[in-house]
Structure formats: C-alpha cells, structure tokens
Amino acid sequence: MNPYFNAACLQSIFERTLSSLPSAALMDSQSQPLFIKYQNLIDIGTYPQASSICDQYMKIKNGDVILLNDPYSGGSIMSTMTLIMGLEMDSTMILFGTRVAFKPKLAREAHVDQEGIRIPPTPIFREGHWNDDFFNIIEHHPLKPQQFQLNLKQKVGEMQAISHQLLRSLEICGLRLNKKLLTEFHATCEQRAKKYVSDISIGEAYTEINLEPATEKLCLRVEIQDSKAIFDFTRTTHSASLSLTDSAVVGACAGALYSSLSQSVPINAGALRAIEVKTPKGSLVHAKYPAPVFLGLTDGVSLVASTVIDLIGQIDPRKKMAQSGFSQVSVDIDFQQGTHYFEWLESGVAASSERSGIPGLDLWKRSHLNPSVEATEELLPLRVLSTGYRQKSGGSGRNMGGDGVTKAIEILQPGALSWAISPPQTKPEGLSGGKAASPPEIAVVIPGQSKQKLPLIGKMSLPARSQVIMNSAGGGGFGEKVEEVGD
Amino acid sequence: MGFVMAHRVCISQSESFLEISAWDQNSPHPYSQRYYLPKISLRKSLADFWTQSKIEKVERVFLNIKNSRTILKRRLGHSPTFLVTEGFENWFDMNLPIKTRSFTLNPSRVESLLDSDWVFGVKERTSATGEVISEVQTEELDFLAAKLELTKNKNICIGFLHSSKNPQNENRAKDYFVAKGFQVFTSHEYAFCKNERQRWLTAILNGYLAPHIHEQLSQYFASELLSDPEMEIEIVTGEGFKSRDQFTALSSLVGDPYLLQAHASQNEVIYYFGFDEFLSVESSTQQDTLSTELGPAAISSPKHEVLPISPTHVLQNDFWGLGAWSDSAAGYEPGPICIGRGLQPTFLDVLSLYVNLEKLEPLQSMLIPQNKRRILEALHSFSKDLKQEWSQKELIESLLRLALTPVVARFPGDRPIVFAGPFASAMKAVFQQLFKGLNISLDADSDFKLTRAPLWREKEL
C-alpha cells in the first residue's frame, strides 16, 4: 500500500477516534509522537517528554495509566493533570496521553513547589486496579483540586473506550501498527513537513528582548535552511520571574513555525524532525528545578512564539505581521469561603499585509470559550458588570489590528486580589507604518475612591463592592493608513 | 359516485431534491418518487406526483423541510435584531468557535448570525438568584421600537442574563414588542440549557431560520393540491410531527433522525446515505442538544451525527499530496462532474467510477458517461506532486478509503449496523470491498426510507 495513503489514513483514524478529547496525543514506544491534538503550545513539546519519562521510570504495561503534573517531567501548568496510558497493538506499545484541566490559580512564587501540589509520574491504574492510596493522600491535601478523583477516573474510563475504538478502527482498515508501518509513517510525515518548511525563504534573523529587570534577556536566532528550521536561544539569560521548561519551548517554536505555513501541517515526530531547538540549560528557556514555571508556561510560551513569528517575518517578508498582544492579563481573587476567581483575557490578533487583525483571540490557544457569565455569578460572590471587545485598542493602519478584550467585575464580598501583566509590558507594535496597539492594563475602583491603575504585578485586599477592570492588549496595525480624499 | 380512497403523503425537501411517498390504508405498497429540483420546480413536481400516484384525496401530509442546514451553512437566513443585557453586546460573537483546529496566523471565528448594527444593549439586570435588580424600562423599549420600525426586520431575539432564573424582564420586553407586531424569540424558553451562551444561540438560530422556513411552508400551503381544509398538515421535527403553529424553525433541522428511527430495532445504528448528506442515527437514544458550527443548541432529537462525507464533499489539496475531502458538503450548485455540473471532483464522482449508479432514481437520467475521463484527469492532478504512478483502480479505491475511514473509525463494535437511503446498496458494496470484518445489513425499504417512515410508524401503532 502507498505510504502516503497509509499515513493519511492513520492520521484520519487518530483525529476521528480522539476527537472527543480537547487535548490528546499518541506516541510510539520510543515516545515519538504519532499524533498530537493540542490545545496550546505547551502540549506540542510536553506530551512526548511526559510519555518518555513515564515509560522510562514506570515501565508502562497495556492498560496502565500514569498521572503527573510535574512541569519538569513533561507536565503543563500544575492545575492540569497529564495522563499517560499504555496501549498494546500488534505487539507494539503505544502511549496514549490526555490532559484534565482543573481551575488554575495565578502563581507568582519563588519556588515551583509553592505553585501547587507537584505530582511526579505516579501509577493510578495498574494491572486493573486503582491506586487508592494515592487518591486518599490527595483527598486530604489542602490544595487538592475539586472533584479530583471523580474527574480523573471518568477520564480514564473515556480513554479506555477510545482505546477500544482505536484498535477496532485500525483492524477494520487493515492497518497494523508494527515497527515497519510506524517507521514508514514517521519518514513520510518528515518528508512532507520538510517540503512545506522549504517554502519559507532561506535566511536568518536575530533579536534580543529585554525583560524586567533589563539585565534579563530573551535572545533568539532563527535560521531557515533548506527544509529545516533552527531556533537558537544561546545568550538567553536566567530570569527570576519568567521560566519555561525546554519541552514547552520546543512546542512554542514548532507551533509558531507551522502556523506561518499556508498548509496545515500535522505536528508529530516527522514535523518535529524538521526543527532544531537550542536552549542553554539554566536559562529562562530551559529552566532547572526549582524555578517556578507558571508564568513561563502561560505567558512565556506566547512571548517565544510571537518572537519566532517576528523573526520568520524578517527572513521571509511574505510572512510579515505586526505584533499580537502577548502580554497576558491575569487576575485571581480569593474569597473568604475558600472559592476563587481566575481570569485570563485573550488579546487582539495583529494585522498583516493581507488582512485586518481579529478581536479577542489568542493565537496560541485552541480553546476560546470564555467562562459563562451566569455560571461565574452562580458560583462566586461577584457580578460581571460588562465584557466585550476593547474599542479602538487595536493599532490603526491600512489594515487595523484586532481589538483586545475588556471586562469589569464587582465583588460582592471582600476578596484578596492578585494580578499579573507578564513582561515585557510594551505596546504590541505595528508594522510597515501601522500603529501600535493599546497595551494591557488593570485598574480597581474601591468604594469611595477614584479609579486606580495597577502596576505590572501585585496583591491587595479589596472590600466588598470594589470593581476590577481588566483590559487586554490589542494587536498592532499593518501599513500606513491612506487618508480618504474627498472629490 | 365511487368511493374515494384518502391518501397520506410524506414530502421531504432538501436544497436540490424532493422525495415524496404516498399510501392509503388499504394498500401495503406506497408509491414513491424523487425529483431533482434544479430541473423541475416544486409546483410541477407535486403535480406530477399527484398524477402518477393517482391521488384524489389526501387526509394527512407530513412535511420534512430539511434545507435549513444549507441556509445556516451558507448564511442565507435573516439576521434577527438581538436585545441583550447592556454591557454584553459582544458576548455572543466573542464565544463563537474558531474555524481552524491547527495553529495559523489567519485564525477566525465562524461567521456570526447577527449584524452588529442590530444588536442593542438594554438596561436591565437579574441576579444569579433570580432577583430583578433592574427592571426593563418602557421608555427604553419605546426608543428601540422607533428604531426597529424603520426596518423590515420583524424578528427580535432577546437574551437577558439569568432569564432562566426569572424571565420577568424578557417577558416584559417580549409582550411590548409582540404588541407592536414583531415576532419575538426569548431565550428563557430554553431554560434547561447549560448557560446563557446555549440559550442565546438557540433563540438566535430560531429567529434566523424562522423567516426562511415559513417562506418554504407558504409555498406548500399556497399549492392547490394541499388546500383542502380537511387535510391535516404536519411538520416533521426531532420530537415528532407538529402542527404549523407548534413547531420551531430549529427543530426542522432534525426531522431526518426522527423519521429514520421508524421501524428500527432497539439496538440498531442506522446509517442513512442520502443525496444531500450521510448520517448515522442511534435508534434508541435521544440527545438534548444539537451540535452546530456555532456551538451546541438546545433541541431534542434521536441521537445522530452528520457524517464527515456526503455525495457533494469535494476533493481539495492537502498536506499528504493525495487530495483530501472538504470539511463540508458543497451541495449541487454547481455539483458533481458526473452530472455535468461542477469542475471539482466530488465524492459522488469517485463513487460513480467504482459502482454502478445508473439504476438510481433520479440519477439515471442525469449521469453523463462521457464525463468519466474528466473526473479521472481531475483526480490524477491532485497526486501529481508525489511523482508516483497510480493505477486507476488504486487511485479510486484510495480516495474512497480516505473518505470512509473517518466513518468506520466510529462504527459501533457492539450494535447492529443497518444501511438505508438511496445510496445504501452501493455504499454497502463499497464498505465490504474496502474494509474488513464488517457486518452490515440493508434496510428492507432502503431507497425511500425517509418518506415511508410515517407509514411504518402507523403500522407499528
């Protein structure tokens, strides 16, 4: 059978059988990804690392499920649990990963262990039995996510059902996932991915981005060779506030590169072979335990991906686009009865030579549903006063940048507010004469006081009836605006 | 004077096809016919059917108007005015799903059903406990009414926050506008929805589709053939047959699954292969929400799925260099090459090269045998950059397998599979030829399964 045809069929089966999961991945026994359904940039690089570490230390057998959330073991942010299941097919072990997201909490700590309960790879289902000891320990932990055990057990049940369907589909289609087919699949994917990468002009570009304080820098050189892209972060410094795991950086580079192509490329081992990422150990793009990683994994990855897009645009002018808002606006409010509110507004997408920007849409997320206003108000002592696009926050130009988002809430009980606008808090720049967009900002109105704009990060107590107003950045405009001339 | 036998008639109309069956209580064999609407008008089709089936009197008509999907997909409906809690004017659009699954520098949300110029914030508020914090003011409604009366748009949707807890404000606004002659769709009618997004979407979909559906129905009601005042005319919905003033426009989207459930055994999964779309229906399971491209809407129907392939899905360039099937059906405007319509190869074109479709009504009079060469040339052009020699058989089988792999990937392992619809027999042959270990049975009344369903329901009763 034709290798292209086999590869297309396999991809189709993976897409269809895993379609009910928002985020999922299948890896071969060498932890080479066959399929990644990503929700964000982190998923791309971390699933293979998670499965590799689980398999190395846990020796996963058919049906076993390993849980982890440790960012240094291939996890995402710590409120998101990663599950890796062993799946034996035609004497080949396939590792099936998915994620269960619990409500995140804004963390600006000095140590990763202060960001939440860090769970290294731990078997939760082995040889047909649940690891009740583990669930009991978590159940008694003060920071345990709500309905932890129930949600995880439901997800494992879903994984089991999907596994059966996957096996059956492969059998009906006459595809045996043996070594020969997998080798052929990876090679075909690599060949096709490289063909599309080679559509980008050959060249290189370099940038340095000053963070806060200015001694902290993100340095990146992108080099496009014939059918290969190199991302070299040499000279990037350590950062006290923004740290990413190296696997998350791989995801950011791959996600950004493939987003710039005209053809949608499935990101798997073949596609990852078309890139090379160099990250100096201990720097902010290759953090070492115990560096905190929450902000890096939420905001830092967007910064890396946006920087990659800027540099690809310098190498190949056809890919040029202004800057999208990558400084995230995150707000967390703890209420007295133990509930908490978390908000993370999407920014505007920048304009390019071909089109205007898009309002309130994060380029690097694939789940764009905002939390329901009614559900938020039912669960928490607050009222949403308004939410919508932040008018005129996109940069002007021949093509206008997309507007950011604005949201105002009033709290009905006293609460402890923490907030963060990730560095660098600059205006998303316009391009080719287009204007910059409005930067992100957060303000509070305490009863009896005037509106108060808040600094980049901080914490404060708010009395009842205080208002919090959040504005995310717009996207930069593209091209000089041509003034209309009257007759 | 002789005894006149009263008939029952079921009519199913899609964008391009009209299928009709008629039967009387004494005859076990219904008469059925299918018409291709671009060639023969609705009026002439009905007249021809009445003549051919020798209908003198009709006592009951079941109307399955199913082209709402096309109206929705091509945004051919009427954007309603949307009144929403002030401060949340963008909220509906902000929650529309994103089109592309993979990362792209050109992302976009699905196109809204609303015109932003006709979305108005209303100063009103109800709390999460259902307490009305701020009542709707008549002065504000007077101002809005003055604006709306300048337009021909008579459809208003109302989406106020927490109206499911207390519909007082929505009802007050509704009463006001109904009194002024507007048709109003309030979101609290779908109070069982999970949240405001689903409630608002359901109200907006009904408002968007209603003018189109009513226009369609008026064509039938204007027909002399259906003008007998004693004739009972019912609309097929996901929950059964409803009278004209009982059904909602959105419910007409799911008439097919309701009809296909008829005469099905408890455990069966029915795969219907029609001219417009292919769908699967689980015979004994209901669903409360319908997955639309705009998100889930609240409408009850038998559990079903529109399959990712249909006769008019077209072949496009793809990552693998083989050609991939489009995400949605392109319809019959222009349509498949094999019937002399379009230039892009469709699934029906590939199917026509693999199985004999010449006995299929009304395709037998439409197929152009000379076009086979054009189809093959078009197919070969998709895989030319792979620089591989494909035999004709290999190419056709590969494209059919690519089209049907997503379908078999969801085939139930533990439930009987029954194929029905005009393409059922052809598709059974294709599946059994290309895939392994499938146990598929063919519905006994396959070809006109949809419009003969009410007959089976009556027999069961």
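In the predicted model, strand β13 (residues 269-273) of chain B is paired with strand β14 (residues 278-292) of chain B through five bridges in the antiparallel sense, where two strands are taken as paired if DSSP finds at least two bridges between them, and where helices (H or I, at least four residues) and strands (E, at least two) are DSSP runs numbered from the N terminus. Strand β14(B) is in turn joined by nine bridges to strand β15 (residues 295-306) of chain B, the two running antiparallel. Here B:Thr289 is found opposite B:Ala298 of β15(B), and a hairpin of two residues leads from β14(B) to β15(B).

Residues are numbered from 1 along each chain as its sequence is written, while chains are lettered from A and ligands numbered from 1 in the order in which they are written. Since the model is predicted, local features need pLDDT of at least 70 and side-chain atom pairs count only at pLDDT 80 or more, whereas totals for chains, interfaces and linings use all residues; side-chain values use heavy atoms, with hydrogens and water left out.

Strand β15(B) also contributes to the second largest pocket, supplying three residues, the largest share of its lining. A pocket is defined on a 1 Å grid over the protein atoms alone as an open set of points with protein on both sides within 12 Å along at least five of seven lines, a cavity as a set of points where a 1.4 Å probe fits but cannot get out, and lining residues as those with an atom within 4 Å of a point. The second largest pocket holds about 250 Å³ of space, the volume being the space filled by probe spheres set on the points, which are joined across faces, edges and corners. Its lining comprises 15 residues, with B:Tyr190, B:Glu239, B:Thr248, B:Ala298 and B:Ile299 nearest the centre. By class, five of the lining residues are nonpolar, six polar and four charged, with Ala, Val, Leu, Ile, Met, Phe, Trp, Tyr, Cys and Pro counted as nonpolar, Asp, Glu, Lys and Arg as charged, and the others, Gly among them, as polar.

Six cavities of 30 Å³ or more are found in the whole structure. The largest cavity has a volume of about 130 Å³ and a lining of 16 residues, those nearest its centre being B:Glu19, B:Lys66, B:Tyr272, B:Phe275 and B:Asp276. Strand β2 (residues 17-24) of chain B provides three residues, the largest share of this lining, which by class contains seven nonpolar, three polar and six charged residues. The lining of the second largest cavity has five nonpolar, seven polar and one charged residues.

Elsewhere in chain B, four strands form an open sheet with parallel pairing in the order β6-β5-β9-β10. Strands β6 (119-122) and β10 (183-186) of chain B stand at the edges with a single partner strand each, so one side of each is left without a neighbour in the sheet. Strand β5 (residues 81-85) of chain B pairs with β6(B) over four bridges in the parallel sense, with B:Val119 in β6(B) as the bridge partner of B:Phe82. Helix α4 (residues 138-148) of chain B lies across β5, β6 and β9 (155-159) of chain B and runs at about 170° to β6(B); axes are lines fitted to C-alpha atoms, for helices over the stretch in contact, with angles from 0 to 180 degrees between N-to-C directions, and contact means heavy atoms within 4.5 Å.

Chain A contains an open sheet of seven strands with antiparallel pairing, in the order β2-β1-β5-β4-β3-β6-β7. Helix α1 (residues 3-17) of chain A lies across β1 and β2 of chain A, at about 40° to β2(A).

Between the chains, 61 residues of chain B are in contact with 73 residues of chain A. The two chains bury about 5,600 Å² between them, 56% of it on carbon and sulfur atoms, buried area being the accessible area (1.4 Å probe) that two parts lose on being put together, summed over both.
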